[in-house]
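Subject: Structure handover

Hello,

Here is the structure I said I would pass on. Please open it next to this note.

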Amino acid sequence: MLDRFENDQRLAVIWADIELNVQTDANALDIFCHHWQELGLVRCPRCSGESISRNPGEREGECNDCGEACWVTSGTILQRVTLFKGYLAAARFLEEGLTISGPEFSRLTGIPGTSSYNISRKFRVAIADEMPEKALEFSGILLKLLIAKRTQETPANCHPFAEQELIDDIVQNTSDESSDDASDAHCENAEEGYQSDDTLSDYEKVKKVVASLLSDVGLTADTISLKTGIAIGKVIAGLSELELFGDARVEPGGKYFKAYSADQMRHSHVETAQEIIEALNIFVGFIFEYFHRVGRKGVQTYLA
C-alpha cells in the first residue's frame with residue numbers, strides 16, 4: 001500500500017486524466033458500455049443476444065436479433081445512477097489499489113458528499129458480494145478498536161462495540177450447546193471443573209483453565225475471571241506465569257493472547273492465522289489513518 005502522500009498524488013493524477021479525456025457523464029457511460037461489450041456482458045434479456053444497438057451516451061438500447069428494448073445498465077452497479085463520471089473515477093482508483101474516503105472523494109471530484117460516500121460504498125459492497133463462500137472467517141472482535149459508530153443494533157447506554165460482543169456471545173452459546181456434556185460442564189463452571197484433575201495443585205489447575213481460554217482473540221484478566229468464575233487474583237497469577245514462560249503474550253490495554261512456539265509456527269494452519277492477524281493489523285492502521293474508525297456494520301465493506 002502506498003503511503004499517504006504517494007496515494008493522494010496518484011489520485012490527483014488519475015482524476016486529472018479523467019477530467020481531460022472524459023468530458024461528460026455520457027462519455028463515462030460509453031466507456032463502461034464499451035468495456036462490458038468487449039467482455040460479452042451486454043446481452044438481450046429476451047434472447048440473450050450480444051448484438052445491442054445503442055446511441056452514444058444513452059443507457060437504453062435495442063437487440064438487433066429480436067428487437068427487444070433493453071437497458072445496458074440494468075442489473076449492474078450503474079443501475080439508476082447518473083454520476084457515471086464519478087463511478088468511472090472510483091473504478092480507476094480501485095483498479096490501482098488506491099484509497100480515498102468519502103469526504104476526500106467529494107473534494108477531489110466536486111461530487112456532493114453523500115453521493116461520493118454512496119459511490120465508494122457500492123463498489124465495496126459489490127466486491128464483498130464476490131467473496132467466495134469458502135473465504136476465511138474470523139471474529140469481528142479482532143476489529144473492536146475500529147468500531148466507534150452506533151447503529152440501530154447498538155444496545156441502549158452501551159458502546160457501539162457491544163453489538164459485536166452480543167454476536168460473539170450468541171456464537172459461543174450455540175457452540176457450547178452442541179458440545180459434549182463434559183465440555184459443557186467445564187464452560188458453565190470452570191471453578192469446579194479445574195478441580196477434577198487430582199494430580200495437579202489448585203494453582204496448576206487454574207493455570208490450565210486460563211491457558212485453555214487464550215487464543216488469537218485477546219482477553220483481559222477481568223473477562224477471563226467472569227467467564228470462568230475464578231477469582232481475579234488467581235487469574236492474574238496464572239497469566240503472569242504463562243507470559244513468563246512464553247505461553248501467553250500481553251498487548252497494550254491488558255489483553256492476553258495465546259503465544260505460539262517456533263515449532264507451532266511451522267504448522268500451516270497457525271501460519272495462516274498469523275498471516276490473517278498481520279493483515280488485520282495493517283487494515284486497522286489503514287482505517288485509523290484514512291477513516292478515523294467506522295461502525296461495525298461498515299467494517300465489512302471497508303475490509304472488502
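Below are notes on aromatic pairs and on one threonine.

The model is predicted, and the values here are computed from it.

Aromatic pairs

There are four aromatic pairs in the structure. One of them is formed by Phe93 and Phe105, with ring centres 6.0 Å apart and planes at 75°; an angle over 60 degrees counts as edge-to-face, so this pair does. The pair links distant parts of the chain: Phe93 belongs to helix H3 (residues 84–95) and Phe105 to helix H4 (residues 102–109), 12 residues apart. Both Phe93 and Phe105 are buried.

Phe283 and Phe286 also form an aromatic pair. Their centres are 6.1 Å apart and their planes make an angle of 35°, which puts the pair in the tilted class. Both residues lie in helix H13 (residues 268–290); because they are three residues apart there, about one helical turn separates them. Phe283 is buried, as is Phe286.

Thr154

Thr154 sits in the loop between strand E4 (147–149) and helix H6 (162–178). Its relative accessible area is 8%, under the 20% cut-off, so Thr154 is buried. The Thr154 side chain has a polar contact with the side chain of Glu163 at 2.3 Å, and it reaches the backbone nitrogen of Thr151 at 3.0 Å. With neighbours within four places in sequence left aside, Thr154 is in contact with His159, Pro160 and Glu163.

Regards

Notes
Residues are numbered from 1 along each chain as its sequence is written. This is a predicted model: local features need pLDDT of at least 70, side-chain atom pairs count only at pLDDT 80 or more; totals for chains, interfaces and linings use all residues. Side-chain values use heavy atoms; hydrogens and water are left out. Rings of Phe, Tyr and Trp (its six-membered ring) pair if their centres lie within 6.5 Å; planes under 30 degrees apart count as stacked, over 60 as edge-to-face and the rest as tilted. Helices (H or I, at least four residues) and strands (E, at least two) are DSSP runs, numbered from the N terminus. Buried means under 20% relative accessible area, exposed over 50%, partly exposed in between (1.4 Å probe, protein chains only). A polar contact is a pair of N or O atoms within 3.5 Å; within protein, one must be able to donate a hydrogen and the other to accept it, and residues adjacent in sequence count only if both atoms are side-chain atoms. Contact means heavy atoms within 4.5 Å.
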